[in-house]
Amino acid sequence: MDVDVSALHLILLCVAALIAGMVDAIAGGGGLISVPALLAAGLPPHVALGTNKGQSVFGSFAALVRFSRAGLVDGNLARVTFPFGLGGALGGAALVLLVKPEVLKPLVLVLLIAVAVFLAFRKSPRPGDMPEPGPPARARAIGALIALAIGTYDGFFGPGTGTFLIVAFSSLLGHGLARASADAKVVNFASNLASVALFAFKGVVLWKVALPMAGAQFAGAYLGAHLAVKGGDKLVRKVVLGVVLALVLKLGHDVVMA
């Protein structure tokens with residue numbers, strides 16, 4: 001793959017990856033920063049998407065490690081959400097061959113607005129208000145369905161995946177937003193692994209760019225997860241709302257210009 005990237009562009013891409021990793025660990029949406037940066041550096045669209053997945057998988061792994069160390073990752077739930085997220089992403093990627101992802105843009109736009117309303121009016125639960133945990137089997141079944149559905153969406157289209165995961169785990173399992181961010185990273189890591197495998201097989205990951213960005217993405221994601229752990233639901237809510245607004249503006253522009 002003959003794509004030249006200057007040293008200056010590579011440094012700027014690493015800065016973008018650092019910021020993207022931090023944002024993505026807290027609320028999802030890191031691709032809003034890293035993909036445009038890769039395109040601005042002169043990478044063709046398919047190479048930019050493949051290279052983005054090649055570096056972002058390291059960020060989702062770093063965030064997962066930090067959330068796990070903070071005790072926010074439920075191992076029993078992760079045992080089902082990881083494989084279902086992986087399988088969903090592979091299935092979603094196969095769907096791209098049958099349906100154009102662009103048809104989803106208006107629907108995703110509406111869903112993102114609904115997410116913003118949900119977050120804006122959702123009250124952060126106090127310790128005494130937390131719902132009683134449901135039966136473990138029921139929670140695992142719901143988690144598996146979330147991972148399969150949104151993992152498929154990520155493999156098929158992608159924008160807003162992390163945000164949709166956070167809202168799904170929060171609303172359907174009653175988890176706080178910081179805990180839901182940890183749940184989301186399990187599925188994010190799984191779907192990113194699936195995507196990297198597919199893009200690498202197709203030869204569209206520019207590793208000489210992806211690997212330096214991966215180091216920055218890893219550091220940013222670890223820091224972002226740390227901030228989410230320390231800042232709790234209040235910080236996560238603010239960052240998620242900011243990401244949702246950016247996604248609405250981006251997809252709204254794409255729909256209008258189509």
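This is a predicted model: local features need pLDDT of at least 70, side-chain atom pairs count only at pLDDT 80 or more; totals for chains, interfaces and linings use all residues.
Helix α7, formed by residues 161-173, spans 17 Å between its first and last C-alpha atoms, close to the 18 Å expected at 1.5 Å a residue. The helix is mostly covered, with 11 of its 13 residues buried, among them Phe-164, Leu-165, Ile-166 and Phe-169. These buried residues pack against α1, α4, α5, α6, α8 and α9, and just after α7 the chain continues through Gly-174, which takes a positive phi of about 75 degrees.

An unreviewed UniProt entry places the feature "transmembrane region" at residues 6-27, 76-97, 103-121, 142-169 and 189-214. Over residues 103-121 the chain is 89% helix, and the end C-alpha atoms are 29 Å apart; over residues 142-169 the chain is 86% helix, and the corresponding distance is 9 Å.

Five salt bridges are present in the structure. Asp-154 pairs in this way with Lys-53, the closest N and O atoms being 3.8 Å apart; because Asp-154 lies in α6 and Lys-53 in α3, the pair ties together parts that are 101 residues apart in sequence. Both Asp-154 and Lys-53 are buried. A salt bridge also joins Arg-179 to Asp-74, with the closest N and O atoms 3.6 Å apart, and, since Arg-179 belongs to α8 and Asp-74 to the loop between α3 and α4, this pair ties together parts that are 105 residues apart in sequence. Arg-179 and Asp-74 are linked with Asp-183 in a network of salt bridges. Within α9, Lys-250 and Asp-254 are four residues apart and separated by about one helical turn, and their side chains meet in a salt bridge at 2.7 Å, N to O.

Terms used:
Residues are numbered from 1 along each chain as its sequence is written. Side-chain values use heavy atoms; hydrogens and water are left out. Helices (H or I, at least four residues) and strands (E, at least two) are DSSP runs, numbered from the N terminus. The expected span of a helix is 1.5 Å times one less than its number of residues. Buried means under 20% relative accessible area, exposed over 50%, partly exposed in between (1.4 Å probe, protein chains only). Contact means heavy atoms within 4.5 Å. UniProt positions are given in the numbering used here, feature names are shortened, and annotations may be inferred rather than shown by experiment. A salt bridge is a side-chain nitrogen of Lys or Arg within 4 Å of a carboxyl oxygen of Asp or Glu.
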